[in-house]
Amino acid sequence: MSSLYTRSKEFTRNRKSQSDSPPASPSPTAKTLRHERLSRLESGGSNPTSSDSYGDRASARARREAREARLATLTSRVEEDSNRDYKKLYESALSENQKLKTKLQEAQLELADIKSKLEKMAQQKQEKTSDRSSMLEMEKRERRALERKMSEMEEEMKVLTELKSDNQRLKDENGALIRVISKLSK
């Protein structure tokens, strides 16, 4: 009997030591199981039979296992979906990047083409302005030369009119002298 007593004493000591330790925070499933047990006890009365408690335990275990199986399938589905989604997102991002790269290359080629056209137009404009400026200078020189010639011709015209008037005066004097000589010779 002493051996029985010592075992039961040690068993109670072990139980006491476990109950003396602070309780760990219960998991969410443990909380729901405890809640289900309390609700069953309250609804079933104060004296549940041993067969009812065994059936309740078995049904609770079955529900828990079903819930865990559902959670496992859901998490595996979520992981598969997320992996698939990432793969699809990666592939779509890659294709979008390729499209954008080709558009960028086309835009760069177009930009280079436009720059070369602008440079050509700028050169042509400079040539035209240099041609225009040289043409303007030539026109100015010609105009100055023409103006000089006009001023020279105007002076010659003045001289010619003076010479004509002198010539006319001399003709008139010559005619008067011829009359005077003819009167004297008679």
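Glu 155 counts as exposed, because its relative accessibility is 53% and the cut-off for exposed is over 50%. The place of this residue is in helix α3. The model shown here is predicted.

A negative surface patch is formed by Glu 155 together with Glu 152, Glu 154 and Glu 156.

Met 157 also lies in helix α3, which covers residues 50–185. Is Met 157 buried or exposed? Met 157 has a relative accessible area of 52%, so Met 157 is exposed. Met 157 belongs to a patch of another kind. This one is a nonpolar surface patch, made by Met 157, Val 159, Leu 160 and Leu 163. Its area is about 390 Å².

The two residues can be set out in a table.

| Residue | Element | Relative accessible area |
|---|---|---|
| Glu 155 | helix α3 | 53% |
| Met 157 | helix α3 | 52% |

Now the whole protein. How many helices and strands are there in the protein? There are three helices and zero strands. Read from the N terminus, the order of elements is α-α-α.

The surface comes next. The protein has 186 residues, and 2% of them count as buried. Buried here means under 20% relative accessible area.

Definitions and conventions: Residues numbered from 1 in each chain as written. Predicted model: local features only at pLDDT ≥ 70, side-chain atom pairs only at ≥ 80, totals over all residues. Heavy atoms only, no water. Patch = residues over 30% accessible without salt bridge, like charges linked within 9 Å, V, L, I, M, F, W, Y side chains within 5 Å. Areas by Shrake-Rupley, 256 points an atom, 1.4 Å probe, with all protein chains shown as cover. Salt bridge = Lys/Arg side-chain N within 4 Å of Asp/Glu carboxyl O. Helix = DSSP H or I, 4+ residues; strand = E, 2+ residues; numbered from the N terminus. Buried < 20%, exposed > 50% of the residue type's maximum accessible area, 1.4 Å probe, protein only. Lys, Arg positive; Asp, Glu negative; His and termini not counted. Charge placed at Lys NZ, Arg CZ, Asp CG, Glu CD.
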